Amino acid sequence: MPGKIKTQIEFLVALQDLDIMIKEIEEVKELGFEVKGEGLTALMRAREELMLKIKKPLLASYERLRNRYKRAIVPVKDDNCLGCFVRLPTSITSHGRTDKEVLICENCGRILYWLS
Amino acid sequence: MEKVELVPYFNQSLFIPALRAKTKEGALEELIDCFVQARFLRNPAIALEMIHRREQLGSTGIGHGIAIPHGRTTAAPDVMIAFGHSKSGIDWQAIDGRPVYLIFMVLAPPQELNNRYLPVLGRLVEILSDSHLRDKFHTATTFSDFINILKS
């Protein structure tokens with residue numbers, strides 16, 4: 001059974017997922033799902049807690065990329081960055097799947113997440 | 001969107017006719033694990049974190065024995081739906097307070113080519129408000145039975 005998130009890249013991905021969720025609250029509500037009055041407050045609190053677990057330079061990089069591209073973290077598929085569609089060098093692809101390091105696309109600067 | 005258009009989002013390897021879990025937490029983990037076993041997800045912890053956060057926002061138990069846990073995660077390659085049937089029912093803190101028997105877990109990436117996630121989610125809510133269809137889903141013991149309900 002799945003464990004808890006614990007690495008920097010996992011915290012960053014969780015932060016991006018949370019930011020997307022916060023942005024889509026109204027759409028989800030319109031579909032008929034329950035959204036508690038304190039729901040948004042709970043998510044904002046969760047966001048602050050997550051931010052505390054991320055190293056400051058990484059967090060600053062996440063916010064900067066988010067402002068520039070909307071999505072700071074992009075998936076990698078077939079060794080391609082799906083943000084700028086440039087093929088990643090072997091030096092990066094060889095250790096991307098472990099979720100132990102935060103790796104950056106050398107072309108666009110986005111943070112990379114390996115889908116498979 | 002016709003209900004038959006939901007068919008491509010389901011997959012035999014994401015179909016659990018009898019969930020082992022007896023709790024909401026257990027069912028969420030079992031469904032996420034199903035995505036991993038089917039090789040649709042690599043890191044279950046990330047998806048589970050998102051699904052837990054979503055439940056904090058409000059229960060995804062929409063009443064009449066149905067729950068639709070859902071959300072976008074960077075870890076998902078595509079829009080996918082896993083189905084799990086609990087024979088004994090699970091306390092989901094649903095809006096009507098009743099136990100949940102049919103669980104549809106919808107995962108989607110942050111961005112998709114045709115923006116299908118919200119329409120898929122909306123259509124799922126809509127078809128599951130039909131008591132006749134709900135009864136049919138209760139009787140589906142194979143993936144083929146399940147898909148035939150969507151095609152009927």
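Author: On a 1 Å grid over the protein atoms alone, a pocket is an open set of points with protein on both sides within 12 Å along at least five of seven lines, a cavity is a set where a 1.4 Å probe fits but cannot get out, and lining residues have an atom within 4 Å of a point. Grid points are joined across faces, edges and corners, and a volume is the space filled by probe spheres set on the points. This is a predicted model, in which local features need pLDDT of at least 70 and side-chain atom pairs count only at pLDDT 80 or more, while totals for chains, interfaces and linings use all residues. Residues are numbered from 1 along each chain as its sequence is written, chains are lettered from A and ligands numbered from 1 in the order in which they are written, and side-chain values use heavy atoms, with hydrogens and water left out.

Reader: What volume does the largest pocket have?

Author: The largest pocket is lined by 24 residues, and those nearest its centre are A:Pro75, A:Leu82, B:Pro109, B:Gln111 and B:Glu112. Its lining comprises 14 nonpolar, four polar and six charged residues; here Ala, Val, Leu, Ile, Met, Phe, Trp, Tyr, Cys and Pro count as nonpolar, Asp, Glu, Lys and Arg as charged, and the others, Gly among them, as polar. The volume of the largest pocket is about 580 Å³.

Reader: Which element gives the largest share of the lining of the largest pocket?

Author: Elements are DSSP runs numbered from the N terminus, helices being H or I of at least four residues and strands E of at least two. In chain A there are five helices and three strands, and their order along the sequence is α-α-α-α-β-β-α-β. The largest share of that lining, four residues, belongs to residues 73-77 of chain A, strand S1.

Reader: Which element supplies the largest share of the lining of the second largest pocket?

Author: The second largest pocket, with a volume of about 280 Å³, has 14 lining residues, of which A:Lys4, A:Ile5, B:Glu49, B:His52 and B:Arg53 lie nearest its centre. By class, this lining has six nonpolar, three polar and five charged residues. H3 of chain A and helix H2 (44-57) of chain B each supply at least two lining residues. The largest share, six residues, is that of H2(B).

Reader: How much area is buried between chain A and chain B?

Author: Contact means heavy atoms within 4.5 Å, and 36 residues from chain A and 37 residues from chain B take part. Buried area is the accessible area (1.4 Å probe) that two parts lose on being put together, summed over both. Carbon and sulfur atoms give 65% of the area between these chains, which in total is about 3200 Å².

Reader: Which residue of chain A meets B:Arg72 in a salt bridge?

Author: A salt bridge is a side-chain nitrogen of Lys or Arg within 4 Å of a carboxyl oxygen of Asp or Glu. Between chain A and chain B the count is two, whereas over all chains it comes to 13. At 2.8 Å, N to O, the side chain of B:Arg72 is paired with that of A:Glu24.

Reader: What space lies in the largest cavity?

Author: The whole structure holds three cavities of 30 Å³ or more. Both A:Glu24 and B:Arg72 line the largest cavity, along with others including A:Asp17, B:Arg54 and B:Tyr117. Two or more lining residues come from each of H1 and H2 of chain A and strand S4 (70-72) of chain B. The space in the largest cavity is about 90 Å³.

Reader: Within chain A, how many residues apart are A:Glu63 and A:Arg47?

Author: The side chains of A:Glu63 and A:Arg47 form a salt bridge at 3.1 Å, N to O. This pair links distant parts of the chain, with A:Glu63 in helix H4 (residues 56-69) and A:Arg47 in helix H3, and the separation is 16 residues.
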